[in-house]
Amino acid sequence: MIVVAGEALIDLVPQGRGALGPLKPALGGGPYNTAVALGRLGSPTAFCSRTSDDAFGEALLDGLRDAGVDVSCVQRGGEPTTLAVATVDAGGSASYSFYVEGTADRLFAMPARLPGATRAVSFGTCSLVLEPGASAYEELLRTCADRGVFTALDPNVRAGLVPDADAYRARFASWLPSVRLLKLSEEDAEWLGGSPREWLAAGPSAVVVTRGGDGLTAFTADGAEYSVPGERVSVVDTIGAGDTVNAALLHGLSARGALSAEGVAGLDADGWTQLLGFAARAAAITCSRAGAEPPYAAELVGL
(Lines give C-alpha, C1' and ligand atoms only; values in the text may rest on other atoms or scores of the structure.)
Protein backbone atom coordinates (compact mmCIF):
# COMPACT_ATOMS: atom_id res chain seq x y z
CA MET A 1 0.00 0.00 0.00
CA ILE A 2 1.09 3.56 -0.77
CA VAL A 3 0.11 6.13 1.87
CA VAL A 4 -0.27 9.77 0.87
CA ALA A 5 0.11 12.21 3.75
CA GLY A 6 -0.99 15.83 3.47
CA GLU A 7 -3.83 18.27 3.08
CA ALA A 8 -7.23 17.96 1.44
CA LEU A 9 -8.95 21.21 0.51
CA ILE A 10 -11.48 22.78 -1.82
CA ASP A 11 -10.26 24.54 -4.96
CA LEU A 12 -12.52 27.37 -6.09
CA VAL A 13 -12.01 27.35 -9.85
CA PRO A 14 -13.03 30.37 -11.97
CA GLN A 15 -15.69 29.71 -14.59
CA GLY A 16 -15.34 33.09 -16.28
CA ARG A 17 -13.04 36.08 -16.62
CA GLY A 18 -12.30 38.68 -14.01
CA ALA A 19 -11.94 38.71 -10.25
CA LEU A 20 -15.70 38.56 -9.71
CA GLY A 21 -16.42 35.71 -12.10
CA PRO A 22 -18.29 32.67 -10.79
CA LEU A 23 -16.28 30.09 -8.88
CA LYS A 24 -16.89 26.34 -8.98
CA PRO A 25 -15.82 24.28 -5.95
CA ALA A 26 -13.63 21.29 -6.78
CA LEU A 27 -11.96 18.65 -4.63
CA GLY A 28 -8.26 19.36 -4.31
CA GLY A 29 -4.99 19.73 -2.47
CA GLY A 30 -1.74 18.31 -3.84
CA PRO A 31 -1.61 15.21 -1.61
CA TYR A 32 -5.35 14.66 -2.03
CA ASN A 33 -5.01 14.74 -5.83
CA THR A 34 -2.07 12.35 -5.62
CA ALA A 35 -4.08 9.87 -3.55
CA VAL A 36 -7.05 10.03 -5.94
CA ALA A 37 -4.75 9.57 -8.94
CA LEU A 38 -3.09 6.55 -7.34
CA GLY A 39 -6.46 5.03 -6.55
CA ARG A 40 -7.69 5.56 -10.11
CA LEU A 41 -4.53 3.96 -11.49
CA GLY A 42 -5.22 0.89 -9.37
CA SER A 43 -2.56 1.15 -6.67
CA PRO A 44 -3.72 0.17 -3.16
CA THR A 45 -3.68 3.58 -1.49
CA ALA A 46 -4.47 5.15 1.88
CA PHE A 47 -4.82 8.84 2.75
CA CYS A 48 -3.37 10.22 6.00
CA SER A 49 -4.66 13.67 6.87
CA ARG A 50 -7.12 15.66 8.97
CA THR A 51 -10.37 16.90 7.41
CA SER A 52 -13.33 18.91 8.57
CA ASP A 53 -16.68 17.53 9.68
CA ASP A 54 -18.35 20.09 7.39
CA ALA A 55 -20.00 19.35 4.04
CA PHE A 56 -16.78 20.02 2.14
CA GLY A 57 -14.95 17.55 4.37
CA GLU A 58 -17.56 14.89 3.69
CA ALA A 59 -17.31 15.52 -0.05
CA LEU A 60 -13.53 15.15 0.10
CA LEU A 61 -13.82 11.78 1.84
CA ASP A 62 -16.45 10.65 -0.67
CA GLY A 63 -14.05 11.51 -3.50
CA LEU A 64 -11.35 9.37 -1.93
CA ARG A 65 -13.73 6.46 -1.39
CA ASP A 66 -14.93 6.70 -5.00
CA ALA A 67 -11.31 6.30 -6.11
CA GLY A 68 -10.88 3.24 -3.89
CA VAL A 69 -8.66 5.02 -1.35
CA ASP A 70 -8.59 3.80 2.27
CA VAL A 71 -9.61 6.69 4.58
CA SER A 72 -9.12 4.92 7.91
CA CYS A 73 -6.07 7.13 8.67
CA VAL A 74 -7.99 10.39 8.20
CA GLN A 75 -8.46 12.41 11.39
CA ARG A 76 -11.55 14.63 11.72
CA GLY A 77 -12.30 17.97 13.35
CA GLY A 78 -14.98 20.63 13.67
CA GLU A 79 -12.90 23.41 12.10
CA PRO A 80 -13.71 24.54 8.53
CA THR A 81 -12.14 23.16 5.36
CA THR A 82 -9.23 25.04 3.77
CA LEU A 83 -10.13 26.93 0.59
CA ALA A 84 -7.82 27.67 -2.35
CA VAL A 85 -8.96 30.21 -4.94
CA ALA A 86 -7.43 29.38 -8.31
CA THR A 87 -6.56 31.87 -11.03
CA VAL A 88 -5.99 30.33 -14.49
CA ASP A 89 -4.00 32.29 -17.07
CA ALA A 90 -4.41 32.24 -20.85
CA GLY A 91 -2.10 29.24 -21.14
CA GLY A 92 -4.03 27.20 -18.58
CA SER A 93 -1.47 27.58 -15.77
CA ALA A 94 -3.01 27.96 -12.33
CA SER A 95 -1.95 30.07 -9.36
CA TYR A 96 -3.64 30.13 -5.96
CA SER A 97 -4.56 32.24 -2.97
CA PHE A 98 -5.37 30.37 0.23
CA TYR A 99 -7.80 30.69 3.14
CA VAL A 100 -6.12 28.63 5.85
CA GLU A 101 -6.56 30.31 9.23
CA GLY A 102 -8.22 28.04 11.79
CA THR A 103 -8.85 25.22 9.30
CA ALA A 104 -9.07 21.53 10.11
CA ASP A 105 -6.06 20.23 8.21
CA ARG A 106 -3.61 22.45 10.11
CA LEU A 107 -4.26 20.48 13.30
CA PHE A 108 -3.04 17.13 11.94
CA ALA A 109 -1.34 15.06 14.66
CA MET A 110 1.26 12.33 14.35
CA PRO A 111 -0.67 9.06 13.83
CA ALA A 112 -0.11 6.16 16.17
CA ARG A 113 0.36 3.81 13.22
CA LEU A 114 -0.02 3.43 9.47
CA PRO A 115 -1.61 0.46 7.67
CA GLY A 116 0.47 -2.67 8.13
CA ALA A 117 0.95 -3.13 4.38
CA THR A 118 2.51 0.33 3.91
CA ARG A 119 5.43 0.21 1.46
CA ALA A 120 5.75 3.92 0.65
CA VAL A 121 4.61 7.28 2.02
CA SER A 122 4.32 10.46 -0.04
CA PHE A 123 4.48 13.99 1.39
CA GLY A 124 4.17 17.53 0.11
CA THR A 125 2.58 20.93 -0.52
CA CYS A 126 0.85 23.13 2.10
CA SER A 127 0.91 20.46 4.79
CA LEU A 128 4.67 20.89 5.20
CA VAL A 129 4.33 24.67 5.69
CA LEU A 130 1.34 25.28 7.96
CA GLU A 131 1.95 24.70 11.66
CA PRO A 132 1.33 22.92 13.92
CA GLY A 133 0.53 20.17 11.44
CA ALA A 134 3.74 20.70 9.46
CA SER A 135 5.86 19.49 12.39
CA ALA A 136 3.70 16.37 12.71
CA TYR A 137 4.09 15.55 9.01
CA GLU A 138 7.83 16.16 9.32
CA GLU A 139 7.99 13.74 12.25
CA LEU A 140 6.08 11.17 10.22
CA LEU A 141 8.51 11.59 7.29
CA ARG A 142 11.55 11.02 9.50
CA THR A 143 9.92 8.10 11.34
CA CYS A 144 9.02 6.35 8.08
CA ALA A 145 12.53 6.84 6.70
CA ASP A 146 14.09 5.51 9.90
CA ARG A 147 11.93 2.40 9.60
CA GLY A 148 13.04 1.77 6.03
CA VAL A 149 9.75 2.78 4.38
CA PHE A 150 10.17 4.31 0.92
CA THR A 151 9.51 8.06 1.10
CA ALA A 152 8.59 10.52 -1.64
CA LEU A 153 8.46 14.32 -1.47
CA ASP A 154 6.81 16.82 -3.81
CA PRO A 155 7.35 20.25 -2.18
CA ASN A 156 4.91 21.87 -4.65
CA VAL A 157 5.91 25.28 -3.27
CA ARG A 158 3.16 27.82 -2.58
CA ALA A 159 5.34 30.84 -1.93
CA GLY A 160 2.43 32.96 -0.68
CA LEU A 161 2.04 30.61 2.28
CA VAL A 162 5.72 30.65 3.28
CA PRO A 163 6.33 33.30 5.98
CA ASP A 164 10.13 32.97 5.90
CA ALA A 165 11.59 31.77 2.61
CA ASP A 166 15.10 31.17 3.92
CA ALA A 167 13.82 29.20 6.90
CA TYR A 168 11.68 27.04 4.61
CA ARG A 169 14.63 26.41 2.27
CA ALA A 170 16.73 25.29 5.24
CA ARG A 171 13.91 23.05 6.41
CA PHE A 172 13.57 21.56 2.91
CA ALA A 173 17.29 20.74 2.95
CA SER A 174 16.87 19.05 6.34
CA TRP A 175 14.23 16.69 4.88
CA LEU A 176 16.39 15.39 2.05
CA PRO A 177 18.29 12.73 4.05
CA SER A 178 14.89 11.17 4.79
CA VAL A 179 13.64 11.29 1.17
CA ARG A 180 14.18 8.56 -1.43
CA LEU A 181 12.29 10.14 -4.38
CA LEU A 182 12.16 13.91 -4.83
CA LYS A 183 9.80 15.22 -7.49
CA LEU A 184 9.46 18.92 -8.17
CA SER A 185 8.73 21.41 -10.93
CA GLU A 186 11.22 23.70 -12.64
CA GLU A 187 9.55 26.60 -10.83
CA ASP A 188 9.96 24.85 -7.47
CA ALA A 189 13.62 24.14 -8.24
CA GLU A 190 14.31 27.76 -9.14
CA TRP A 191 12.58 29.06 -6.01
CA LEU A 192 14.34 26.59 -3.71
CA GLY A 193 17.79 27.09 -5.20
CA GLY A 194 20.35 24.36 -5.50
CA SER A 195 20.44 21.69 -8.18
CA PRO A 196 19.36 18.06 -8.63
CA ARG A 197 22.94 16.91 -8.12
CA GLU A 198 23.22 18.82 -4.85
CA TRP A 199 19.92 17.37 -3.65
CA LEU A 200 20.95 13.83 -4.64
CA ALA A 201 24.11 14.18 -2.60
CA ALA A 202 21.96 14.88 0.46
CA GLY A 203 20.05 11.60 0.32
CA PRO A 204 17.45 10.95 -2.42
CA SER A 205 17.96 8.04 -4.82
CA ALA A 206 16.40 10.01 -7.68
CA VAL A 207 15.18 13.52 -8.45
CA VAL A 208 12.51 14.08 -11.10
CA VAL A 209 12.02 17.59 -12.46
CA THR A 210 8.88 18.44 -14.42
CA ARG A 211 9.15 21.01 -17.22
CA GLY A 212 5.51 21.60 -18.08
CA GLY A 213 4.78 20.89 -21.72
CA ASP A 214 8.49 20.24 -22.34
CA GLY A 215 8.42 16.98 -20.41
CA LEU A 216 10.25 15.41 -17.47
CA THR A 217 13.84 14.68 -16.51
CA ALA A 218 15.09 12.17 -13.95
CA PHE A 219 18.47 12.52 -12.28
CA THR A 220 19.84 9.48 -10.46
CA ALA A 221 22.44 8.98 -7.76
CA ASP A 222 24.82 7.20 -10.16
CA GLY A 223 25.12 10.37 -12.27
CA ALA A 224 22.70 9.37 -15.03
CA GLU A 225 20.07 11.65 -16.54
CA TYR A 226 16.97 10.59 -18.48
CA SER A 227 14.42 12.82 -20.24
CA VAL A 228 11.14 12.42 -22.12
CA PRO A 229 9.17 15.09 -23.99
CA GLY A 230 5.76 16.23 -22.90
CA GLU A 231 2.65 14.79 -24.51
CA ARG A 232 0.95 17.29 -26.83
CA VAL A 233 -2.60 18.03 -25.75
CA SER A 234 -5.13 20.85 -25.84
CA VAL A 235 -4.69 22.29 -22.35
CA VAL A 236 -7.81 23.26 -20.41
CA ASP A 237 -5.85 23.93 -17.22
CA THR A 238 -2.87 22.47 -15.37
CA ILE A 239 -4.60 21.92 -12.02
CA GLY A 240 -3.44 18.59 -10.60
CA ALA A 241 -0.94 17.84 -13.39
CA GLY A 242 2.08 17.70 -11.08
CA ASP A 243 0.15 15.62 -8.57
CA THR A 244 -0.70 13.17 -11.36
CA VAL A 245 2.99 12.91 -12.26
CA ASN A 246 3.77 12.16 -8.62
CA ALA A 247 1.13 9.42 -8.51
CA ALA A 248 2.18 7.94 -11.86
CA LEU A 249 5.81 7.71 -10.73
CA LEU A 250 4.86 5.94 -7.50
CA HIS A 251 2.42 3.64 -9.30
CA GLY A 252 5.02 2.76 -11.92
CA LEU A 253 7.72 2.07 -9.35
CA SER A 254 5.31 -0.13 -7.42
CA ALA A 255 4.38 -2.06 -10.56
CA ARG A 256 8.08 -2.75 -11.11
CA GLY A 257 8.71 -3.79 -7.52
CA ALA A 258 11.01 -0.79 -7.22
CA LEU A 259 9.63 1.06 -4.18
CA SER A 260 13.01 1.02 -2.47
CA ALA A 261 16.34 2.78 -2.79
CA GLU A 262 17.73 -0.39 -4.35
CA GLY A 263 14.80 -0.68 -6.73
CA VAL A 264 15.22 2.89 -7.95
CA ALA A 265 18.97 2.36 -8.36
CA GLY A 266 18.25 -0.74 -10.41
CA LEU A 267 16.19 1.01 -13.08
CA ASP A 268 17.99 1.16 -16.43
CA ALA A 269 17.54 3.65 -19.27
CA ASP A 270 14.56 1.77 -20.72
CA GLY A 271 12.90 1.54 -17.31
CA TRP A 272 13.24 5.27 -16.65
CA THR A 273 12.09 6.20 -20.15
CA GLN A 274 8.99 4.05 -19.82
CA LEU A 275 8.25 5.36 -16.33
CA LEU A 276 8.66 9.02 -17.27
CA GLY A 277 6.66 8.54 -20.47
CA PHE A 278 3.82 6.99 -18.51
CA ALA A 279 3.84 9.96 -16.11
CA ALA A 280 3.86 12.42 -19.02
CA ARG A 281 0.85 10.71 -20.63
CA ALA A 282 -1.08 10.67 -17.36
CA ALA A 283 -0.38 14.38 -16.74
CA ALA A 284 -1.44 15.28 -20.28
CA ILE A 285 -4.84 13.68 -19.72
CA THR A 286 -5.25 15.68 -16.51
CA CYS A 287 -4.40 18.90 -18.38
CA SER A 288 -7.00 18.13 -21.05
CA ARG A 289 -9.91 18.56 -18.63
CA ALA A 290 -10.97 21.15 -16.10
CA GLY A 291 -9.88 20.90 -12.49
CA ALA A 292 -7.88 18.08 -10.96
CA GLU A 293 -9.31 15.07 -12.81
CA PRO A 294 -6.52 12.49 -13.08
CA PRO A 295 -6.94 9.54 -15.42
CA TYR A 296 -8.10 6.02 -14.71
CA ALA A 297 -5.92 3.04 -15.57
CA ALA A 298 -8.12 2.19 -18.56
CA GLU A 299 -7.27 5.54 -20.13
CA LEU A 300 -3.57 4.70 -20.28
CA VAL A 301 -1.86 1.99 -22.26
CA GLY A 302 1.10 0.17 -20.74
CA LEU A 303 3.65 1.31 -18.22
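Which residues lie nearest the centre of the largest pocket? Ser185, Glu187, Thr238, Ala241 and Gly242 do, out of 48 lining residues.

Ground rules, quickly. This is a predicted model, where local features need pLDDT of at least 70, side-chain atom pairs count only at pLDDT 80 or more, and totals for chains, interfaces and linings use all residues. Numbering runs from 1 along each chain as its sequence is written, and side-chain values use heavy atoms, without hydrogens or water.

Back to the pocket. The space in it is about 1,200 Å³. A pocket here is an open set of points on a 1 Å grid over the protein atoms alone, where a 1.4 Å probe fits, with protein on both sides within 12 Å along at least five of seven lines; lining residues have an atom within 4 Å of a point. Points are joined across faces, edges and corners, and the volume is the space filled by probe spheres set on them.

Several elements give two or more residues to the lining, among them strand 2 (9–14), helix 1 (30–41), helix 7 (241–255) and helix 9 (269–287). Helices (H or I, at least four residues) and strands (E, at least two) are DSSP runs, numbered from the N terminus.

Now the backbone. Glu131 and Pro132 are joined by a cis peptide bond, omega about 5 degrees. Pro132 sits in the loop between strand 9 (120–124) and helix 3 (133–146). Thr125 is in the loop between strand 9 and helix 3. Thr125 is not a glycine, yet its phi is positive, about 65 degrees. Thr125 is buried, at 5% relative accessible area; buried means under 20%, with a 1.4 Å probe and protein chains only.

Definitions and conventions: Buried < 20%, exposed > 50% of the residue type's maximum accessible area, 1.4 Å probe, protein only.
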